[in-house]
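Dear colleague,

Please find below the structure we discussed handing over. My notes on it follow directly after.

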Amino acid sequence: MFKKLLFALTAMMVANIASAQNLDHLTEEKQMEPFGNMKKASYVGNVLYGGQPDEETIKMLKEKGFNMIISVKYDDEKVAFDQQQIVEENGMSFARIPYFKGSINDKVRNVDDEGIAELSKMLSDATKSGQKVFMHCQSGQRAAAALGSVLARDYGYSKEQAMDIAAKAGLTSKNTGAAFERYLDQLK
C-alpha cells in the first residue's frame, strides 16, 4: 500500500514539474531586436508575437530558426500575398486560427473559445517538440491577447496575470483589450 501511495505521489510531482517547465516556455521573456517589417519583437517563451510579416520578413523568420507561423487574423481578413504559400515555400508550417469569432466587418468582437483551445494545443505541441513559433495578426494586438487567453483558459492564470503577460507580449489596444477582458471574465 505504501509503495502504491509513494508511486502515485512521485508521478504527481513529475507531472507538476513537467507542466511548470512547459509553462516556463510560454511565459519566459526573451529579448529580440525587431527585424524585417516588424516595429517591435515581443518574444515570450518560444513564441514571437507581432504584426503581419511581409514576404521578406517571412524569409528572415526561417533564417532565425522559426518553424511555424500562426495567424490569428479573421478568415476574411486580406493579406497582399499568399502567406501560406510563402511560409511553406520557406520550409515552415502555417496555421490560421482566428482569435475573434465571425468576420472582420462585425461590430461586436468576441473571442473564439474553440480557437483558443486549438491555439493552446498547437502551442503546447510546438513547445514540447522545441519549435519556435511566430504568432501574428495585423498589428500584434490579437496575437498578444491570444497568449493571455491561453494562459488563463488552460494554465490557471488569474485575470491580472493573464493581462500582464498579454501586455508584455505587446497588447495595448483598448478594443482588443476590452474583448480580451470580457473573455477572461466569462472564464470564471
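E77 and R142 are both buried. In this predicted model, their side chains form a salt bridge, with N and O 2.8 Å apart. Because E77 belongs to the loop between β4 and α3 (83-89) while R142 belongs to helix α5, the bridge ties together parts that are 65 residues apart in sequence.

The helix that carries R142 deserves a description of its own. Helix α5 covers residues 141-155, 15 residues in total, and reaches 21 Å from its first C-alpha to its last, close to the 21 Å expected at 1.5 Å a residue. G156 follows α5 and has a positive phi, near 75°.

Further salt bridges are as follows. The count for the model comes to eight. Side chains of opposite charge can pair when their charged atoms come close.

- K121 pairs with D125, the closest N and O atoms being 2.8 Å apart. Both residues lie in helix α4 (residues 113-128), four residues apart, or about one turn of the helix. K121 counts as exposed because its relative accessibility is 53%, while D125, at 36%, is partly exposed.
- E181 and K159 meet through their side chains at 2.9 Å, N to O. E181 is in helix α7 (residues 174-186) and K159 in helix α6 (residues 159-168), so this pair ties together parts 22 residues apart in sequence. E181 is partly exposed at 29% relative accessibility, whereas K159 is buried at 18%.
- D113, R153 and D154 are linked in a network of salt bridges.

Helix α4 can be described in more detail. Its 16 residues should span 22 Å at 1.5 Å a residue, and the end C-alpha atoms are 23 Å apart, which agrees. The residues G115, I116, L119, S120, L123, S124, A126 and T127 of α4 are buried. They cover an arc of only 165° around the axis, and this puts them on the same side of α4. An α-helix has 3.6 residues a turn, so residues three or four places apart point the same way. The face turned away from the buried side of α4 carries the exposed residues E114, K121 and K128. At the start of α4, a side-chain oxygen of D112 comes to within 3.1 Å of the backbone nitrogen of E114. After α4 comes G130, with a positive phi near 75°.

Turning to the aromatic residues, the count comes to three aromatic pairs. In one of them, the ring centres of Y43 and F66 are 6.1 Å apart and the planes are at 50°, so the pair is tilted. Y43 sits in strand β2 (residues 42-44) and F66 in the loop between α2 (55-63) and β4 (68-71); the two are 23 residues apart, and the pair links distant parts of the chain. Y43 and F66 are both buried. Elsewhere, Y74, Y99 and F100 form one aromatic cluster.

The ring of F66 has the charged end of K132 sitting over it, 4.5 Å from the ring centre. Likewise, the charged end of K64 sits over the ring of F35, at 4.8 Å from its centre.

With kind regards

Methods: Residues numbered from 1 in each chain as written. Predicted model: local features only at pLDDT ≥ 70, side-chain atom pairs only at ≥ 80, totals over all residues. Heavy atoms only, no water. Phe/Tyr/Trp six-rings, centres within 6.5 Å; stacked < 30°, edge-to-face > 60°. Buried < 20%, exposed > 50% of the residue type's maximum accessible area, 1.4 Å probe, protein only. Lys NZ or Arg CZ within 6 Å of the ring centre and 35° of its normal. Expected span 1.5 Å × (residues − 1). Salt bridge = Lys/Arg side-chain N within 4 Å of Asp/Glu carboxyl O. Arc of directions from axis to C-beta. Polar contact = N/O pair within 3.5 Å; in protein donor to acceptor, adjacent residues only side chain to side chain.
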